[in-house]
Amino acid sequence: MTDTAAVPVPPAADPTFTPPSLGRRFGALVIDWVLCLLVANIFADPVRDGWAPVLVLILEYGFFLGLFAQTPGMYITRISCLSWADGGRIGVFRALLRGILLALVVPAVIMDAHRRGLHDRLSGSVIADVPRPARR
(Lines give C-alpha, C1' and ligand atoms only; values in the text may rest on other atoms or scores of the structure.)
Protein backbone atom coordinates (compact mmCIF):
# COMPACT_ATOMS: atom_id res chain seq x y z
CA MET A 1 0.00 0.00 0.00
CA THR A 2 1.46 3.37 -1.01
CA ASP A 3 0.88 6.66 0.72
CA THR A 4 -0.31 9.06 -2.00
CA ALA A 5 0.14 12.02 0.34
CA ALA A 6 3.92 11.38 0.28
CA VAL A 7 4.06 11.75 -3.52
CA PRO A 8 4.81 15.40 -4.34
CA VAL A 9 2.46 17.10 -6.78
CA PRO A 10 4.19 19.08 -9.55
CA PRO A 11 3.70 22.84 -9.09
CA ALA A 12 1.87 23.14 -12.44
CA ALA A 13 -0.74 20.60 -11.31
CA ASP A 14 -1.11 21.88 -7.74
CA PRO A 15 -3.92 24.45 -7.40
CA THR A 16 -2.73 25.20 -3.85
CA PHE A 17 0.86 25.99 -4.87
CA THR A 18 2.04 29.14 -3.12
CA PRO A 19 5.42 30.58 -4.08
CA PRO A 20 7.88 31.82 -1.46
CA SER A 21 8.05 35.51 -0.71
CA LEU A 22 9.98 37.91 -2.89
CA GLY A 23 12.05 38.77 0.19
CA ARG A 24 13.38 35.22 0.45
CA ARG A 25 14.12 35.11 -3.28
CA PHE A 26 15.91 38.45 -3.09
CA GLY A 27 17.80 37.32 0.02
CA ALA A 28 19.02 34.21 -1.80
CA LEU A 29 20.12 36.33 -4.77
CA VAL A 30 22.04 38.74 -2.51
CA ILE A 31 23.86 35.84 -0.80
CA ASP A 32 24.70 34.29 -4.18
CA TRP A 33 25.85 37.64 -5.57
CA VAL A 34 28.24 38.20 -2.64
CA LEU A 35 29.65 34.70 -3.17
CA CYS A 36 30.06 35.45 -6.89
CA LEU A 37 31.94 38.66 -6.10
CA LEU A 38 34.27 36.74 -3.78
CA VAL A 39 34.92 33.99 -6.35
CA ALA A 40 35.34 36.47 -9.22
CA ASN A 41 37.92 38.32 -7.12
CA ILE A 42 40.17 35.25 -7.45
CA PHE A 43 40.69 35.75 -11.20
CA ALA A 44 39.55 39.31 -11.92
CA ASP A 45 38.79 42.66 -10.33
CA PRO A 46 34.96 42.66 -10.04
CA VAL A 47 34.91 46.47 -9.81
CA ARG A 48 36.86 46.93 -13.05
CA ASP A 49 35.76 43.72 -14.82
CA GLY A 50 31.99 43.73 -14.33
CA TRP A 51 31.59 40.63 -16.49
CA ALA A 52 33.45 38.40 -14.01
CA PRO A 53 30.82 38.11 -11.23
CA VAL A 54 28.05 37.82 -13.84
CA LEU A 55 29.89 34.90 -15.48
CA VAL A 56 30.38 33.27 -12.07
CA LEU A 57 26.65 33.72 -11.31
CA ILE A 58 25.65 32.04 -14.57
CA LEU A 59 28.04 29.14 -13.92
CA GLU A 60 26.89 28.90 -10.29
CA TYR A 61 23.29 28.60 -11.44
CA GLY A 62 24.19 26.00 -14.07
CA PHE A 63 26.06 23.85 -11.57
CA PHE A 64 24.03 24.21 -8.38
CA LEU A 65 20.52 24.48 -9.85
CA GLY A 66 21.20 21.89 -12.50
CA LEU A 67 22.51 19.28 -10.08
CA PHE A 68 21.07 20.17 -6.66
CA ALA A 69 18.02 22.42 -7.38
CA GLN A 70 19.46 25.03 -4.96
CA THR A 71 22.22 27.60 -4.98
CA PRO A 72 23.99 28.28 -1.66
CA GLY A 73 21.76 31.33 -1.17
CA MET A 74 18.64 29.26 -1.83
CA TYR A 75 19.83 26.65 0.66
CA ILE A 76 20.18 29.30 3.37
CA THR A 77 16.76 30.86 2.62
CA ARG A 78 15.10 27.40 2.28
CA ILE A 79 13.87 27.72 -1.29
CA SER A 80 14.60 25.63 -4.38
CA CYS A 81 14.26 25.85 -8.14
CA LEU A 82 12.13 23.07 -9.58
CA SER A 83 10.72 22.07 -12.93
CA TRP A 84 7.28 23.64 -13.32
CA ALA A 85 5.93 20.59 -15.16
CA ASP A 86 7.13 17.71 -12.98
CA GLY A 87 8.61 19.18 -9.79
CA GLY A 88 12.05 17.64 -10.39
CA ARG A 89 15.43 19.24 -11.06
CA ILE A 90 15.69 21.40 -14.16
CA GLY A 91 19.07 20.05 -15.30
CA VAL A 92 22.26 21.88 -16.21
CA PHE A 93 21.19 23.22 -19.63
CA ARG A 94 17.95 24.79 -18.38
CA ALA A 95 19.76 26.08 -15.27
CA LEU A 96 22.37 27.80 -17.48
CA LEU A 97 19.59 29.28 -19.60
CA ARG A 98 17.86 30.53 -16.44
CA GLY A 99 21.14 32.06 -15.23
CA ILE A 100 21.75 33.84 -18.54
CA LEU A 101 18.21 35.22 -18.56
CA LEU A 102 18.51 36.28 -14.92
CA ALA A 103 21.75 38.10 -15.75
CA LEU A 104 19.74 40.15 -18.27
CA VAL A 105 17.61 41.38 -15.28
CA VAL A 106 14.55 42.46 -17.29
CA PRO A 107 12.93 38.99 -17.44
CA ALA A 108 13.12 38.65 -13.65
CA VAL A 109 10.93 41.67 -12.93
CA ILE A 110 8.01 40.60 -15.13
CA MET A 111 6.16 37.99 -13.02
CA ASP A 112 2.93 36.02 -13.18
CA ALA A 113 0.61 35.02 -10.33
CA HIS A 114 3.02 32.24 -9.26
CA ARG A 115 5.90 34.74 -9.11
CA ARG A 116 7.48 33.12 -12.15
CA GLY A 117 9.56 35.66 -14.03
CA LEU A 118 10.17 35.40 -17.75
CA HIS A 119 13.44 33.64 -16.91
CA ASP A 120 11.44 31.00 -15.01
CA ARG A 121 8.81 30.58 -17.73
CA LEU A 122 11.37 30.33 -20.54
CA SER A 123 13.41 27.75 -18.62
CA GLY A 124 10.32 25.86 -17.38
CA SER A 125 11.18 26.45 -13.72
CA VAL A 126 9.58 27.75 -10.55
CA ILE A 127 10.90 28.76 -7.14
CA ALA A 128 9.30 26.79 -4.32
CA ASP A 129 9.61 26.43 -0.59
CA VAL A 130 11.77 23.58 0.66
CA PRO A 131 9.48 21.37 2.74
CA ARG A 132 10.25 21.22 6.44
CA PRO A 133 11.42 17.79 7.61
CA ALA A 134 8.65 15.70 9.17
CA ARG A 135 8.71 15.54 12.95
CA ARG A 136 8.71 12.09 14.51
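**Close-up views of a predicted model**

View 1. Arginine 115 lies in the loop between helix H5 (106–109) and helix H6, in a structure that is a predicted model. Along the sequence, arginine 115 and proline 19 are 96 residues apart, yet in space their C-alpha atoms are 6.5 Å apart. The side chain of arginine 115 reaches two backbone oxygens in this region, that of proline 19 at 3.1 Å and that of proline 20 at 2.9 Å. When residues up to four places away in sequence are left aside, arginine 115 touches Pro19, Pro20, Ser21, Leu22, Arg25 and Asp120.

**View 2. Aspartate 120 in helix H6.** Aspartate 120, one of the residues touched by arginine 115, belongs to helix H6, which covers residues 118–123. Its relative accessibility is 0%, and aspartate 120 therefore counts as buried. The side chain of aspartate 120 is joined to the side chain of arginine 98 by a polar contact of 2.8 Å. Not counting residues up to four places away in sequence, the residues that aspartate 120 touches are Arg25, Arg98, Arg115, Ser125 and Val126.

**View 3. Helix H2 and its surroundings.** Several residues of H2 are buried, among them Ala52, Pro53, Val56, Leu57 and Ile58. The buried residues of H2 pack against helix H1 (22–43), helix H3 (72–77), strand E1 (79–83) and helix H4 (91–103). After H2 comes alanine 69, which has a positive phi near 70°.

**View 4. The crossing of helices H2 and H4.** The axes of H2 and H4 come within 7 Å of each other and cross at roughly 145°, and this crossing is right-handed. On the side of H2, the contact is made by Val54, Ile58, Leu59, Tyr61, Gly62, Leu65, Gly66 and Leu67, while H4 contributes Gly91, Val92, Ala95, Leu96, Arg98, Gly99, Ile100, Leu102 and Ala103. Sorted by kind, the residues of this contact comprise twelve nonpolar, four polar and one charged. Arg98, listed here on the H4 side, is also the residue whose side chain makes the polar contact with the side chain of aspartate 120.

Methods
Residues are numbered from 1 along each chain as its sequence is written. This is a predicted model: local features need pLDDT of at least 70, side-chain atom pairs count only at pLDDT 80 or more; totals for chains, interfaces and linings use all residues. Side-chain values use heavy atoms; hydrogens and water are left out. Helices (H or I, at least four residues) and strands (E, at least two) are DSSP runs, numbered from the N terminus. Buried means under 20% relative accessible area, exposed over 50%, partly exposed in between (1.4 Å probe, protein chains only). A polar contact is a pair of N or O atoms within 3.5 Å; within protein, one must be able to donate a hydrogen and the other to accept it, and residues adjacent in sequence count only if both atoms are side-chain atoms. Contact means heavy atoms within 4.5 Å. Axes are lines fitted to C-alpha atoms, for helices over the stretch in contact, and angles run from 0 to 180 degrees between N-to-C directions. A crossing is left-handed if the near helix is turned anticlockwise from the far one by less than a right angle, and right-handed if clockwise. Ala, Val, Leu, Ile, Met, Phe, Trp, Tyr, Cys and Pro count as nonpolar, Asp, Glu, Lys and Arg as charged, and the others, Gly among them, as polar.
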